[in-house]
Amino acid sequence: MQPPLKCLAKKPASNKPVLSLPSRIRLGYCRFYMPYFDVSTKEVLSKIGSALIPYNGSFHEKIKAKADLYVPFWTYITISMLITVVSNTMRYLNDREHYGRFDFSILIASFTFISVIQLLLPGLLWLLMKYLSVPMSLLEIVSIYGYSFVAFIPAFMLCIIPNSKIQWLLLLYAAISSMALLIMTYKTEFGGLPPSQKYFALGLIVMYQIALIVAFKVYFFSKLMSAV
């Protein structure tokens, strides 16, 4: 007679090699991204503080020590929600007939727009780094670009103030802070390049950010400003 629970006993390990999945397949697994979200609260607050005040150069050192995707991910989500909430709130303050009407199309549009730009510029920068032989990983580039958007969070939150001049100043502050972080960080990375290549690369980054800010103002803030 077969002993009880013998059928549940562990089978000896097989000598067959474990199948290793290609990197393009591993990208679809959550476990692949876990190390990039493994950050402490102290690390997050330290990087955010350096990102908001980028002029001392400490942000570059912290990103080189440990880049992450935690803050960029939640920054993009938060900005999408803020644009939607502020825009709908301004509509209600301007016209009480909008009470109870929440325009979800703004959320969809803002999330789609931000998702595209968070992939487009980092991808272009990574190709530029490869072309210029600058040793910088795609993770670092995505992380830096995500942190450059942190300044937009308090700016968008304060845009609830129904004054177009104040809203313009808030958006201008966020834009300058964002560009300053990118310039200070990449200026260090481009230090070994000839001046012509270095300033050409920095110029492309600034031009992209200016175009991005104009897009924010024209497409999204036109809704908000028209309600003022």
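Housekeeping, then. Residues are numbered from 1 along each chain as its sequence is written, and side-chain values use heavy atoms, with hydrogens and water left out. Since it's a predicted model, local features need pLDDT of at least 70 and side-chain atom pairs count only at pLDDT 80 or more, while totals for chains, interfaces and linings use all residues.

Okay, salt bridges, meaning a side-chain nitrogen of Lys or Arg within 4 Å of a carboxyl oxygen of Asp or Glu. How many does the structure hold? Four.

One of them pairs Asp-68 with Lys-47, closest N and O atoms 2.9 Å apart. Asp-68 sits in the loop between α4 and α5, Lys-47 in helix α3, 21 residues away; helices here are DSSP runs (H or I, at least four residues), numbered from the N terminus. Asp-68 is buried, at 1% relative accessible area, and Lys-47 is buried too, at 4%. Buried means under 20%, exposed over 50%, partly exposed in between, with a 1.4 Å probe and protein chains only.

Next, Lys-64 and Glu-140 meet at 3.4 Å, N to O. Lys-64 is in helix α4 and Glu-140 in helix α7, so this pair ties together parts 76 residues apart in sequence. Lys-64 is partly exposed at 35%, whereas Glu-140 is buried at 12%.

How values were computed: Helices (H or I, at least four residues) and strands (E, at least two) are DSSP runs, numbered from the N terminus.
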